2 protein chains.
Amino acid sequence: MNTTRDQIIQATRSLVEKQGYHATGMNEILRLSGAPKGSLYYYFPDGKEELAQEAISQTTKEVVGRIRANLALFDDPVEAIQVFVSRIADHIELSQFSSGGPLTAVAMETATSSERLNRACREAFAAIQCAFAEKLAANGYAPESAAQLALFITAAIEGGTLLSRTAHSGDPLRRVAEVLALALRSARP
Amino acid sequence: MNTTRDQIIQATRSLVEKQGYHATGMNEILRLSGAPKGSLYYYFPDGKEELAQEAISQTTKEVVGRIRANLALFDDPVEAIQVFVSRIADHIELSQFSSGGPLTAVAMETATSSERLNRACREAFAAIQCAFAEKLAANGYAPESAAQLALFITAAIEGGTLLSRTAHSGDPLRRVAEVLALALRSARP
DNA sequence: GTCTATACGGTGATAGAC
DNA sequence: GTCTATCACCGTATAGAC
């Protein structure tokens with residue numbers, strides 16, 4: 001793959017994750033990536049919006065892969081999910097409270113202002129929910145139940161991440177993981 | 001109370017709720033509120049940050065009041081919470097997917113960039129959780145359990161709101177409300 | 001394809017008249 | 001206290017040389 005293009009996306013991901021979409025400027029992205037302004041608009045003719053879209057879809061692929069890999073570590077889906085969410089809490093602390101990818105920030109900021117980014121976020125959330133639902137469905141949960149629980153898991157993680165970022169501590173998300181495990185057990189088939 | 005000052009805060013709340021913190025400009029706030037720029041810096045010498053802080057703390061007071069009022073409508077805390085969350089879903093649809101107050105947006109955008117706003121958001125989340133915890137504790141839940149569940153409820157609402165905003169539909173949050181009710185019932189004392 | 005220089009609008013903030 | 005005029009700066013985006 002093209003290195004310059006990839007470095008630009010990488011810089012965008014990192015900055016948007018930390019600061020949000022509107023707080024991140026093109027000049028900042030350029031500075032971090034080391035690329036010149038001309039290259040940026042050569043690779044992303046539609047500018048910042050296209051860039052953020054690419055950052056989201058690329059991040060989502062990685063995140064979905066990481067979800068599947070983590071959920072495969074345990075046969076029991078509830079245990080797998082609890083451990084996975086706890087790991088996100090660790091990761092948030094290690095990254096000094098940069099959120100779980102640029103998705104949350106962009107979704108919040110562009111829900112009603114950018115058709116293009118809103119669509120990208122919808123697809124991202126759908127893919128993430130799908131990964132959770134598969135694990136549940138493969139372990140005896142009824143399909144509709146699995147889908148609903150996957151939505152709930154995603155919401156709990158997003159909300160827990162927000163609380164942990166705000167609290168500057170992984171603990172809120174870890175406590176969310178505990179209660180989430182209880183909830184999933186009580187919904188067990 | 002001073003009308004001009006209040007109109008400025010009101011405009012800030014509405015705009016930040018819809019667009020986010022960084023996407024909202026001072027000129028925009030001025031335009032919507034009808035106030036002149038001089039007045040704005042007279043009432044809020046510390047500028048945008050102070051303004052947002054005021055908007056958050058004012059909104060939080062109202063939100064906490066609304067939570068208490070809604071939870072008081074039903075004796076059963078689980079039913080009360082489920083109905084309350086469903087109402088948020090209705091409200092999101094009615095407001096054309098402006099989130100539940102400026103809190104979520106500011107919390108996401110300023111978690112690591114503004115000490116002052118981060119503190120305001122922490123206090124806001126604490127007050128909200130407190131309102132939920134009280135209702136649970138008043139109905140037989142053990143104090144630590146009530147606090148943990150209140151945190152979980154807050155996370156679920158925040159995450160569900162994000163998903164509903166993104167999906168441009170109240171349904172995700174409504175489904176979150178359903179699962180949340182199941183989870184709270186299974187944790188019943 | 002890569003890079004520089006620049007355009008133009010909007011940003012948050014201030015000074016000072018009234 | 002209220003308002004206007006204006007500031008210096010940064011935002012995204014473009015033009016055009018190489």
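Q: How many nonpolar, polar and charged residues does the surface near DNA strand C have?

A: A residue is near a strand if one of its heavy atoms lies within 4 Å of it. For the classes, Ala, Val, Leu, Ile, Met, Phe, Trp, Tyr, Cys and Pro count as nonpolar, Asp, Glu, Lys and Arg as charged, and the others, Gly among them, as polar. Here the surface near DNA strand C has 5 nonpolar, 6 polar and 3 charged residues. The model is predicted: local features need pLDDT of at least 70 and side-chain atom pairs count only at pLDDT 80 or more, while totals for chains, interfaces and linings use all residues. Residues are numbered from 1 along each chain as its sequence is written, chains are lettered from A and ligands numbered from 1 in the order in which they are written, and side-chain values use heavy atoms, with hydrogens and water left out.

Q: Which residues that surround DNA strand C are the closest, and which elements supply at least two residues of the surface near DNA strand C?

A: Elements are DSSP runs numbered from the N terminus: helices (H or I) of at least four residues and strands (E) of at least two. Among the 14 residues that surround DNA strand C, the closest are Tyr43(A), Met26(B), Lys37(B), Tyr41(B) and Lys48(B). At least two residues each come from α3 (37-43) of chain A and from α2 (26-33), α3 (37-43) and α4 (47-71) of chain B. The most is given by α3(A), with 5 residues.

Q: Which polar atoms lie at a phosphate oxygen of DNA strand C?

A: A polar contact is a pair of N or O atoms within 3.5 Å; within protein, one must be able to donate a hydrogen and the other to accept it, and residues adjacent in sequence count only if both atoms are side-chain atoms. A side-chain N or O atom of Tyr43(A) is 2.6 Å from a phosphate oxygen of DNA strand C. Of the atoms of DNA strand C within 4 Å of the protein, 56% belong to sugar or phosphate, and the rest to bases.

Q: Which residues around DNA strand D come nearest?

A: Of 14 residues around DNA strand D, the nearest are Met26(A), Lys37(A), Tyr41(A), Lys48(A) and Tyr43(B). Sugar and phosphate make up 57% of the atoms of DNA strand D that come within 4 Å of the protein. A base is contacted too: a polar side-chain atom of Lys37(A) lies 2.6 Å from a base nitrogen of DNA strand D. Two or more residues of the surface near DNA strand D come from each of α2 (26-33), α3 and α4 of chain A and α3 of chain B. The largest share, 5 residues, comes from α3(B).

Q: Where is Lys135(A) found, and what is the nearest side chain of opposite charge?

A: Buried means under 20% relative accessible area, exposed over 50% and partly exposed in between (1.4 Å probe, protein chains only). Lys and Arg count as positive and Asp and Glu as negative; His and the chain ends are not counted. A salt bridge is a side-chain nitrogen of Lys or Arg within 4 Å of a carboxyl oxygen of Asp or Glu. Lys135(A) belongs to helix α7 (residues 115-137) of chain A. The residue Lys135(A) is buried yet has no salt bridge, the nearest opposite charge being the side chain of Asp75(A), 5.4 Å away. The side chain of Lys135(A) instead reaches the backbone oxygen of Leu71(A) at 2.7 Å.

Q: Is Asp75(A) buried or exposed?

A: Asp75(A) counts as exposed because its relative accessibility is 69%. Its place is the loop between α4 (47-71) and α5 (77-94) of chain A. Contact means heavy atoms within 4.5 Å; not counting residues up to four places away in sequence, Asp75(A) touches Lys135(A) and Asn139(A). Asp75(A) and Lys135(A) are 60 residues apart in sequence and 9.2 Å apart from C-alpha to C-alpha.

Q: How many salt bridges are found over all chains?

A: The whole structure has 21 salt bridges over all chains. One of them joins Glu93(A) to Arg174(A), with the closest N and O atoms 2.5 Å apart. That pair links distant parts of the chain, 81 residues apart: Glu93(A) in helix α5 and Arg174(A) in helix α9 (residues 171-186) of chain A. Arg174(A) also meets Asp171(A) in a salt bridge (3.4 Å, N to O), and both lie in helix α9 of chain A, 3 residues apart, about one turn of the helix. Asp90(A), Glu93(A), Asp171(A) and Arg174(A) are linked in a network of salt bridges.
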